[in-house]
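Hi there,

Here is the structure I promised to pass on to you.

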Amino acid sequence: MAETWVNPRGRSADEGTLPGQAAGTDLHLPLSGEGSLRSRLMHALREAIRSGRLAPGTRLPPYRSLASDLGIARNTVAGAYAELVEEGWLTARQGSGTRVARRASPLPPDQARRPRRPARRRILHDLMPSSPDAAAFPRSAWLSSARRAVAAAPNDAFSVGDPRGRTELRGTLTEYLARARGVRAAPDRIVICSGFAHGLELLSSVLKGPVAVESYGLDFHRSIIGKAGLRSVPLTVDSYGARVDELPDTGAGAVLLTPAHQFPTGGPLHPERRAAVIDWARSSGGLLVEDDYDGEFRYDRQPVGAVQGLDPDRVVYIGSTSKSLSPALRLGWMVLPGWLVDDILAAKGPREMWSGVVDQLTLADFIACGAYDRHLRRMRQHYQRRRDLLVSTLAATAPHIEVSGIAAGLHAVLELPENTEEAALRAARRHGLALDGLHPYRHPDSTMPPRDGLVIGYGTPPDHAFTAALDALSLALPGPPLDDRCTAFP
Ligand SMILES: Cc1ncc(COP(=O)(O)O)c(C=O)c1O
């Protein structure tokens, strides 16, 4: 007998667990080594407690069931438990069984030996630009959709998945994207993916030659392109978005842009540049990869539609639920030119390996029944209120700091004087703030002069903590330049 997985069966939650513990304990007990069975079992239990696999308070299986799972005598288990009770590892009380002792939580040996690191500063306010308000996930509407979708799904939905994604979702997206984002789609041109990053990975595996990207963008996306063996080439970004007139000089066959809301600097791509990038794609046989990560959240005027509508044969449109619902769903969609569909499906493989069928069907129902539109409308107002509060707080407490990129999305950029970003980030950390500077977003090969700034995500903190986060931000920002402060005393 080398080792055994034990799953004490048939214990109800109140009989077998303390509040907060799982009803059954899967316990890996390696009974290998020298010595009697009893001492090997004791050693295995001590190790499980020491490593934290058996938490203090966990109820152990009754002798009988552990003995039968391990294929050893009941007496051996009873003896091992009794001795561990005497040693203080376990406690035994009438009616509550044998449990791991509350104080029996020694540090794992390797951790105990490790020298203590200085304590990391606690993050009190998360203003990273990555996440929407997680507390606002529409739990009950999502559950209603899930219940309806699972009940109505045909049996084959629970068989091996089609790599294109569920037909229900592709059909609903076709209608929704046309209506809400001006995307010209058809169900057979949509491939479901597990978010934008997955879509970009699939695409990078079939593209050839360099890919042009915005000089400011996600490093993570540049590395996806790099890992596929493609070079990313930076385009200058100015207040009209990416300088697409630079494309012919880059030798790129594809360009990745965030046209609705440049990430992270915040402006939309100017209409003339939208037309120009399509002209470039048509004349060179190139491809625009349109990252529409937060296109639903526009506050100051009607949403800026997708560039894809201008020429569906030259644009790959990629959308995602990461900002609109949750980045944890890992659900997105690619709307592809017809000529690219087979290549992307070949890259994805013969069966669906990323996107779960229940989430796909749930999202299809969620969109079809109008819950997605209702959620987006509510969230648009929610984030607009937050943006307004951010802007008014800064106008009152740091009027010398310019706030940009606020017409859309869930983040804003605070412009900082030259060479002050690093100090501002240090001050932010001292005030318990997690936020980003602009520098990490800059392409290493960009010829643009580096901009100093802070990227403030205002979606993440829960409502009750938002004002405190803004107060901490105000305290962390650099004061006005000295000239401004001394005007009353020449
Ligand atoms: C620029 C940008 N693109 C795309 C996404 C979405 O990525 P994903 O769908 O992989 O979570 C994000 C984050 O939500 C983003 O900031």
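**Two loops to look at**

Arg330 sits in the loop that links β13 (315-320) to β14 (332-335). Helices and strands here are DSSP runs (H or I with at least four residues for helices, E with at least two for strands), numbered from the N terminus. Phi of Arg330 is near 55°, which is a positive value in a residue other than glycine. In another loop, between β11 (254-257) and α11 (271-284), you will find Pro264. The peptide bond that leads from Phe263 to Pro264 is cis, its omega being near 5°.

Before you go further, please keep in mind that this is a predicted model: local features need pLDDT of at least 70, side-chain atom pairs count only at pLDDT 80 or more, and totals for chains, interfaces and linings use all residues. Residues are numbered from 1 along each chain as its sequence is written.

**The sheets**

Seven strands make an open sheet with mixed pairing, in the order β6-β14-β13-β12-β11-β7-β8. Two strands count as paired if DSSP finds at least two bridges between them. The edges are taken by β6 (190-193) and β8 (232-235); each has a single partner strand, so one side of each is left without a neighbour in the sheet. From one strand to the next, the twist averages 20°. For this and the other angles, axes are lines fitted to C-alpha atoms (for helices, over the stretch in contact), and angles run from 0 to 180 degrees between N-to-C directions.

Inside this sheet, strand β12 (residues 287-291) and β13 run parallel and are joined by four bridges. Helix α7 (residues 167-181) lies across β6 and β14, and runs at about 110° to β6. Contact, here and below, means that the C-beta atoms of two residues, placed from the backbone, lie within 7 Å.

There is also an open sheet of four strands, antiparallel in its pairing, with the order β15-β16-β19-β18. At its edges stand β15 (403-404) and β18 (436-437), each with a single partner strand, so one side of each has no neighbour in the sheet. Two bridges pair β18 with strand β19 (residues 453-457) in the antiparallel sense. Across that pairing, Gly437 stands opposite Leu454 in β19.

**Helix packing**

The axis of helix α3 (residues 63-70) comes within 8 Å of that of α4, and the two cross at roughly 120°. α3 and α4 are therefore oblique to each other (angles under 35 degrees count as roughly parallel, over 145 as roughly antiparallel, 65 to 115 as roughly perpendicular and the rest as oblique). From α3, Tyr63, Arg64, Leu66 and Ala67 meet Arg74, Thr76, Val77, Ala78 and Tyr81 of α4. The residues of this contact of α3 with α4 divide into six nonpolar, one polar and two charged. In this count Ala, Val, Leu, Ile, Met, Phe, Trp, Tyr, Cys and Pro are nonpolar, Asp, Glu, Lys and Arg are charged, and the others, Gly among them, are polar.

Helix α2 (residues 37-50) also packs with α4: their axes come within 9 Å and cross at roughly 50°. That angle makes α2 oblique to α4. On the α2 side Leu37, Arg38, Leu41, Met42 and Leu45 take part, and they meet Thr76, Val77, Gly79, Ala80, Glu83 and Leu84 in α4. Seven nonpolar, two polar and two charged residues make up the contact of α2 with α4.

Elsewhere, the axes of helix α6 (residues 139-152) and helix α13 (residues 357-368) come within 8 Å, with a crossing of roughly 110°. α6 and α13 are therefore roughly perpendicular to each other.

Best wishes
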